Amino acid sequence: MTDLWRLPATELAALVRDRQVSATEATRSALARLDAVNPRLNAVIQHDPAQALASAASVDAALARGEAPGPLAGVPITVKVNVDQQGWATTNGLTLQKDLVAQQDSPVVANLRKAGAVILGRTNTPAFSLRWFTRNLLHGATKNPRDPSITPGGSSGGAAACVAAGIGALAHGTDIGGSVRYPAYACGIHGLRPTMGRIPAWNATGPDRGIGAQLMAVSGPLARTVGDLRLALGAMSQPDARDPWWVPAPLEGPAFPKRAALCVAPDGMPVAPEIAAALRDAARRLRTAGWEVEELPNLPPLRESADIQLLLWLAESRRAGTAAYEREGDPDALAIFGYMERLCAAPSLFDFQDALQKRVGLLRQWLLFLEGFPVVILPVSGALPYRDHADVESFEGFRRMMAEQLPQLGLPVLGLPGLTVSTGLVGTIPVGVQLIGGRYREDVLLAAGAAIEAGGVPTAPIDPA
């Protein structure tokens with residue numbers, strides 16, 4: 001069987017489990033695809049074919065012994081370079097960490113291995129995983145396979161570019177301010193930011209999670225199909241005692257009404273006509289699938305949540321990260337960190353405590369709202385994917401982007417799950433929508449996402465433009 005790299009994870013894992021193809025064959029196909037297209041993308045920045053083939057051989061050996069190989073049996077995947085993978089440097093796009101070799105797998109990587117996945121390589125991220133663009137001094141820049149003039153997104157830009165181009169059926173990413181959802185949007189695939197606590201997280205190579213990361217940072221999958229996201233979520237979310245924030249919530253919750261709220265411009269954010277059209281098209285697809293969709297002029301506050309997110313994240317970064325930014329000397333990171341500091345004054349202790357208290361009130365508003373509307377349809381971004389590296393051109397341009405990226409920034413501090421569903425192209429430029437649901441109700445988002453996906457998505461995988 002040829003072109004195994006084209007297959008979705010669900011189909012490939014079934015073929016491997018049924019021994020119609022071997023994990024080794026699937027891995028050789030994926031490695032050949034990596035060799036063919038990665039030089040044009042620079043999405044995978046570290047890999048060892050021998051190690052990947054050895055992992056595949058262990059899956060095949062387990063099958064030969066009659067053992068269950070796991071739900072991701074033989075599925076080639078990639079891992080973002082900001083989480084620990086034993087024997088590899090957790091660089092996070094930094095020259096400062098080029099020799100910071102992990103001595104053990106992070107929980108999410110360990111879970112992927114237990115599920116039978118084969119890790120092809122490590123994917124690129126901007127320095128400090130800071131931007132919605134992907135470039136750093138250590139590994140260079142990653143290109144968008146659909147259109148090299150636009151960003152592949154960030155910070156999981158390498159992950160999204162891999163999935164769109166067929167380097168692995170699935171990719172691991174992390175999201176603290178859109179870093180899974182936005183690259184999925186920019187590359188024309190799907191991406192899930194799960195509820196905080198759904199997927200265990202911990203890095204031995206860096207500091208334990210501070211207050212900002214505790215409230216906001218999560219790992220999540222990127223994929224070409226919603227079914228693959230569902231499969232990956234189950235594999236990635238298995239328990240690990242190293243993360244005290246992990247929650248043993250079921251992957252399938254109780255029955256829910258098929259009711260969604262559509263909001264084109266939450267809090268009056270700027271929204272391009274193409275985005276508004278995509279949102280209303282997604283609502284139409286849901287209605288066709290039997291959902292009730294009501295268009296609303298506004299939602300519970302997102303702008304206030306985004307302000308709290310920036311305050312908490314910068315409070316942590318200013319305390320521990322400012323000197324590191326200066327030592328690294330990455331011009332992109334220095335520019336963006338400087339812009340963010342201009343947007344948010346250093347808080348007092350009382351400001352910090354008030355922000356935490358206000359966060360609870362905002363979350364309460366959202367949870368009450370979601371009781372009536374289990375799904376919310378809103379933009380991923382108010383703009384089509386940006387021209388690459390446009391964020392570092394001026395403070396005014398960055399401030400405009402922050403307004404356009406409001407739905408990505410306002411969600412993480414609330415701990416709610418978000419799903420990007422790619423729905424089409426505007427010329428060569430991807431467009432899509434974001435779905436928000438209640439805590440630990442990723443099942444609701446995936447059900448709605450599958451209904452939207454059924455109305456058509458951009459072709460994937462693709463050869464790089």
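This is a selection-by-selection tour of the structure above.

**Ground rules**

The model is predicted, so local features are taken at pLDDT of at least 70 and side-chain atom pairs at pLDDT 80 or more, while totals for chains, interfaces and linings use all residues. Numbering starts from 1 along each chain as its sequence is written, and side-chain values use heavy atoms, with hydrogens and water left out.

**Stop 1: the cores**

Select L130, L286, W366, I377 and L435. These residues touch the most other members of the largest nonpolar core, which has 106 residues. A nonpolar core here is a set of buried Ala, Val, Leu, Ile, Met, Phe, Trp, Tyr and Cys residues joined through side-chain atoms within 4.5 Å. Buried means under 20% relative accessible area, exposed means over 50%, and partly exposed is in between, with a 1.4 Å probe and protein chains only.

Now centre on L286. Which residues is L286 in contact with, leaving aside neighbours within four places in sequence? They are A260, W291, V293, I377, A448, A451 and I452. Contact means heavy atoms within 4.5 Å.

Switch to L4, L31, A43 and V118. They are among the 26 residues of a second, separate core.

**Stop 2: the cavities**

The structure holds 2 cavities of 30 Å³ or more. A cavity is a set of points, on a 1 Å grid over the protein atoms alone, where a 1.4 Å probe fits but cannot get out; lining residues have an atom within 4 Å of a point. Grid points are joined across faces, edges and corners, and a volume is the space filled by probe spheres set on the points.

Together they line the largest cavity. Its volume is about 50 Å³. The lining of the largest cavity has 8 nonpolar residues, 2 polar and no charged. In this scheme Ala, Val, Leu, Ile, Met, Phe, Trp, Tyr, Cys and Pro count as nonpolar, Asp, Glu, Lys and Arg as charged, and the others, Gly among them, as polar.

Next, select I77, T78, L112, L170, A171, H172, P221, A232 and M236. This set lines the second largest cavity. The largest share, 3 residues, comes from β6. Helices (H or I, at least four residues) and strands (E, at least two) are DSSP runs, numbered from the N terminus. The volume of the second largest cavity is about 40 Å³. Its lining divides into 7 nonpolar, 2 polar and no charged residues.

**Stop 3: the loop between α8 and β9**

Follow α8 (226-236) into the loop that runs to β9 (259-262), and stop at D240. Is D240 buried or exposed? D240 counts as buried because its relative accessibility is 11%. Show its side chain: a polar atom there lies 2.9 Å from the backbone nitrogen of R242. D240 also touches P107 and P200, not counting residues up to four places away in sequence.

Stay in this loop and select A255. A255 is exposed because its relative accessibility is 80%. Then draw a C-alpha to C-alpha distance from A255 to L4. The two are 36 Å apart in space and 251 residues apart in sequence.

**Stop 4: backbone geometry**

Go to G154 and S155. The peptide bond from G154 to S155 is cis, with omega near 10°. S155 sits in the loop between β5 (140-141) and α5 (157-165).

Jump to A460 and P461. Another cis peptide bond runs from A460 to P461, with omega near 0°. P461 belongs to the segment after α16 (442-453).

Now check phi at F128. The value is near 65°, positive in a residue other than glycine. F128 is in the loop between β3 (118-123) and β4 (135-136). With a relative accessible area of 17%, F128 is buried.

Y440 also has a positive phi, near 60°, and is not glycine. Find Y440 in the loop between β13 (429-436) and α16. At 18% relative accessibility, Y440 is buried.

**Last stop: D443**

D443 counts as buried because its relative accessibility is 7%. Leaving aside neighbours within four places in sequence, D443 is in contact with L251, E252 and G253.

Note on methods: Polar contact = N/O pair within 3.5 Å; in protein donor to acceptor, adjacent residues only side chain to side chain. 1 Å grid on protein atoms, 1.4 Å probe; cavity = no way out; pocket = protein on both sides within 12 Å on 5 of 7 lines; lining within 4 Å.
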